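Please look through the sequence and the 3D structure shown here before reading on. The notes that follow are grouped by topic.

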Amino acid sequence: MPSLSPTMTEGNIARWLKKEGDKIAPGEVLCEVETDKATVEMECMEEGYLAKILRGDGSSGIKVGEIIAITVEEEEDVAKFKDYQPSTSDSAPAPETSPAPSPPKEEIAETPATSPEPKISTPSALPSAGNRIFASPLARKLAEDHNVPLSNIKGTGPDGRIVKADVEGYLASRGKEVPPAPKTAATATATLDYTDIPHTQIRKVTASRLLQSKQTIPHYYLTVDTCVDKLMELRSQLNALQEGSGGKRISVNDLVIKAAALALRKVPQCNSSWTNDYIRQYHNVNINVAVQTDNGLYVPIIRDADKKGLSKISEEVKHLAQKAKENSLKPEDYEGGTFTVSNLGGPFGIKQFCAIINPPQSGILAVGSAEKRVIPGGGPDQYNFASFMSVTLSCDHRVIDGAIGAEWLKAFKGYIENPETMLL
């Protein structure tokens, strides 16, 4: 199993495109491997024949460097590996499991240790002077509910007084459960109907990276409302031109990506990453765009988004989103991003949310939906309507100070509310 991405430690075999016995040549695709980023084609490096496939379609959790197949140079050598089985050296530790019968011995040894407890907790001697038994009200009530004579219980409270814990200990020693609630809970869980869905490689890595992000990056969040009336008007004009020339329609998200890229060029401190020795400030503005698919979350990249026109950004976003849904992204399609945009407003109508930073980046913009609001007019009894879109910037406080994050949002808002400046 080769390492097909910089962060890959293991992979899954999606499917083999060659069969055992097939002739192979350099550059031909042997199989599709599901890495931590995407499904990647594994190409043949040498000419020969595929003699034996050791890890077939659907094999998962294969470590980098593990043997998945055997190739030979001569066709007559293929037959030699027909019945070949990989080494079973990994099964050597199995005999260590033979002492399994020892647990019964431990159980036998433990049983006498627990048996004296009832004897200790049920003395015939009364814990008080005369025939009176001292017990707390709660202990008496608990004993009555379980029909237990107080004379059978030894008190451990002051002057031998029986307390609640003594009754519970006595009931436990007799194999009774004091609180009945756990029984009903256990019964309820036994009736649950569910399906276990295996983790895909990308979902496992995404989960690991997001957990690492929240545990190691000091997040803080800045939210601002942006008026998008002019943006929507400009978009309508541009789409009329696009349709007339046979181009693809421009979405609000395309305009957001362009505005974010230009704001990063204006406030380059937000286009940076943290390391233990220095802050790395990038000269390229590469925007990752979050795309949700059936296989998990992908973040394909728009390179040098600050230098590209809106029609080019629109074309690339649609192309990469389609590749993500087809699970056919290449490493160059998602590696090297410096900032991420996540939009749940347009597709899902989410008003506002806080996104988790995609390490090693130091910022991610969460875009909400646009909504019409009433705003004050020129006079005391006058009002107008305007559409506003909420956006939230998640920042790594080690890299982006609060004032810097606010400065970036100010620049972003300026481009959104005066979109013609993006075209200059």
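Against which helix do the buried residues of helix 3 pack? They pack against helix 4 (164–173), where helices are DSSP runs of H or I with at least four residues, numbered from the N terminus. This is a predicted model, in which local features need pLDDT of at least 70 and side-chain atom pairs count only at pLDDT 80 or more, while totals for chains, interfaces and linings use all residues. Residues are numbered from 1 along each chain as its sequence is written, and side-chain values use heavy atoms, with hydrogens and water left out.

- In helix 3 (residues 137–145), the buried residues are A139, L142 and A143, buried meaning under 20% relative accessible area and exposed over 50%, with partly exposed in between (1.4 Å probe, protein chains only).
- Because these residues cover an arc of only 100° around the axis, they lie on the same side of helix 3; the arc is that of the directions from the helix axis to the C-beta atoms.
- In general, an α-helix has 3.6 residues a turn, so residues three or four places apart point the same way.
- The exposed residues P137, L138 and E144 are carried on the face of helix 3 that is turned away from its buried side.

**The annotated region**
- The UniProt annotation "domain: Peripheral subunit-binding (PSBD)", from an unreviewed entry, covers residues 134–171, although such annotations may be inferred rather than shown by experiment.
- Over residues 134–171, the chain is 45% helix and 0% strand, and the end C-alpha atoms are 18 Å apart.

Key:
Helices (H or I, at least four residues) and strands (E, at least two) are DSSP runs, numbered from the N terminus. Contact means heavy atoms within 4.5 Å.
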